[in-house]
Amino acid sequence: MDGHSYVYRENNFSTQKVVEFIRKKSPFQLTKRINDFNIDDFLGGWNDNKVRALILEPRSVTRLRYLIASFAFSDRVAFGFVDLTNIHTNQILDRFKPQLNLDSLILFDEDSIRSIASISMPEIPTQTLTNVITSNQFLTLPRLSSQDILEGVCPAEWSRSRKRLCIILITENTAEHDLARGALRHIALQSGYSSERVRFAYIFKEKQSEFFNAISKGLLANDVLQIVIIWRRDSTHLKYEWVDGSKLENMSDSNGLNDHIINRTKYEVDITVQRLLRTNEALTYEAVVQNLFDEHAQGIWSKWIARLFNIVEYLSDNVEEEHILAALSLLGTISLMFGIGYVMMYFVQEEEESLKAKGHINENLNSKHRRHVPELKLYELRAEKYNGMVRLLKPGCRTIILITDLQSRTKLIPSYHRAIWPYRKSKTLIFGHMLVEKGLSWYAELLRISLCTTKNLQINPRNCVGTIIALNGHRKYFCMYHAKHPESTRGAKRMVKMTKQLLKKNEDPEIGTFLQMGYSDDSDIDAPVLMEDNLLDGLSNWLDRLFEGTTHRYYINYWPDFPTK
């Protein structure tokens, strides 16, 4: 089967066993099951250049004769098998009305409504099945997609009196040429010529370029949507003539002259065919052609996959049980050796790492010792990280947070990073930043608790940019830095009183940078304007005082919740 030999090795030699053996070796893609859900797709798939054959059986297991027929005609006919006992075939029963106790074969071409042949019998004989399929194995307008199809549609005939003509439309593989192909199909259905003398077909120019170039002599108009009539004298020699007056290239969906174009083309084709069928008439041109390119040939990947399946199938048929046990024993031994080697290498690597850790092995990379530089990570204060960065801090640990917004973060974070870089090795510090758009409510609540007031604080988010908060999660206090904060300029004396007074100051519109109840634009004090780039100029000095313990501490009773949105 398909160029491969298979040996029957069963001890029990019976008809049923042989049938099962042949059925098992049949290609799995031959048994395509058809039901109400895929019947239309199956009948409408004739673009693959194959006639559709429906075999309807009152059983779930297909007869072997039908499988063999589907394999024999697989290049030209697509078979679909219908189980009439299946509940999902009711629409098929209503559509084709087969007799439920008989086997039925129905053949379709491009027309999925009207069948071209059908037969129903209790058991369709193999010869009858073959004859019916052979007589209807081509579409009304088949595509010359391989040399085998060319031999079937346009067989060679040397005798001039019995010459066979093949009318071929030159097209391209595009939907724009469907109208022209449909027009020639309509002409073929209306023609009264015997299929033994005249056949209609089409080719894809880009697929069969060598064939087209061989017959291109005498072609004066556009090289596509033209009709050529050929007479194959043998496998390589043919005579041909182009049909003048064909206007199929002018057809379009919006053209109201399509019927006129079809009638005109049919007239030109009929005149030319009737003339060329005469014994004394000869076709104008002669050419030598090679075999057509097989458009259905398997690709390289399909061939490798098929070969892999053949190898697996061969091994399953020829390898005995003792061979399998020997192979498994060999594979187990090899696996055990690799496993022991891996374990030994693992212990060697562990020993090397242990020696390196104790200082017994010194590595020299390019005669220079690489020194590990601790990295400085900045974490964004968000709801999911709030507990880890604030509430659950271990004793002695602090979190230093920079408050920014979306506009200023790209400017402030580099300056913040430079200021805290000397403290990167500390294991008691966590550095981070917070977007004021996300944590404004938390920040306002923190300030309210620290001021021991029940009044809601109205905070200008823009004026909070550049604020640094050092949080001690375990002891529940925080320290604060801002360029406009009094502690940044005059020390920490009377901080609580001065901070409360900030709420009442109206002279400087920027004096309440980090905490603002409102300010007056009619100030009579000319305060210098604080630029964004200078917000963190005094951060380094403040950090020194922070770690010396001289900054003011704002104690609170609890840490407020961080907003989740």
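**Helix packing and sheet order in a predicted model**

In this predicted model, the cover over the buried residues of helix H3 (residues 64-72) includes helix H1 (15-25), strand E1 (51-57), strand E2 (77-83), strand E3 (103-108) and helix H5 (126-135).

User: Which residues of H3 are called buried, and what makes them so?
Analyst: They are Leu64, Tyr66, Leu67, Ala69 and Ser70; the word buried applies to a residue with under 20% relative accessible area.

User: Why is H3 called roughly parallel to H5?
Analyst: The axes of H3 and H5 come within 11 Å and cross at roughly 30°. Because angles under 35 degrees count as roughly parallel, that crossing makes H3 roughly parallel to H5. The crossing is also right-handed.

User: How do you know which residues of H3 and H5 meet?
Analyst: Contact requires heavy atoms within 4.5 Å, and on that basis Arg65, Tyr66 and Ala69 in H3 meet Thr126, Leu129 and Ile133 in H5. By class, this contact has four nonpolar, one polar and one charged residues.

User: Why are H7 and H9 called oblique to each other?
Analyst: The axes of helix H7 (residues 178-190) and helix H9 (residues 258-276) come within 10 Å and cross at roughly 55°. Roughly parallel needs an angle under 35 degrees and roughly perpendicular needs 65 to 115, so H7 and H9 are oblique to each other. Their crossing is right-handed.

User: Which residues make the contact of H7 with H9, and how do they divide by class?
Analyst: Ala183, His186, Ile187 and Gln190 in H7 meet Ile262, Thr265 and Lys266 in H9, and these residues divide into three nonpolar, three polar and one charged.

User: What makes E10 and E15 the edge strands of their sheet?
Analyst: The sheet is open, has six strands in the order E10-E12-E11-E13-E14-E15, and shows mixed pairing. Strand E10 (379-380) and strand E15 (554-555) each pair on one side only, and they are the edge strands.

User: How do you know that E11 and E12 pair, and in which sense?
Analyst: Pairing asks for at least two bridges between two strands, and strand E11 (residues 398-404) and strand E12 (residues 429-435) share seven bridges in the parallel sense. Ile403 stands opposite Met434 in E12.

User: Which helices lie on this sheet, and at what angles?
Analyst: Helix H13 (residues 409-420) lies across E11, E12 and strand E13 (468-472), running at about 150° to E11. Helix H14 (residues 436-450) packs on the sheet, touching E10, E11, E12, E13, strand E14 (477-481) and E15, and its direction makes about 115° with that of E12.

Technical notes:
Residues numbered from 1 in each chain as written. Predicted model: local features only at pLDDT ≥ 70, side-chain atom pairs only at ≥ 80, totals over all residues. Heavy atoms only, no water. Axes fitted to C-alpha atoms, helices over the stretch in contact; angles between N-to-C directions. Helix = DSSP H or I, 4+ residues; strand = E, 2+ residues; numbered from the N terminus. Parallel < 35°, antiparallel > 145°, perpendicular 65-115°, else oblique. Left-handed = near helix turned anticlockwise from the far one by under 90°. Nonpolar A, V, L, I, M, F, W, Y, C, P; charged D, E, K, R; others polar. Buried < 20%, exposed > 50% of the residue type's maximum accessible area, 1.4 Å probe, protein only.
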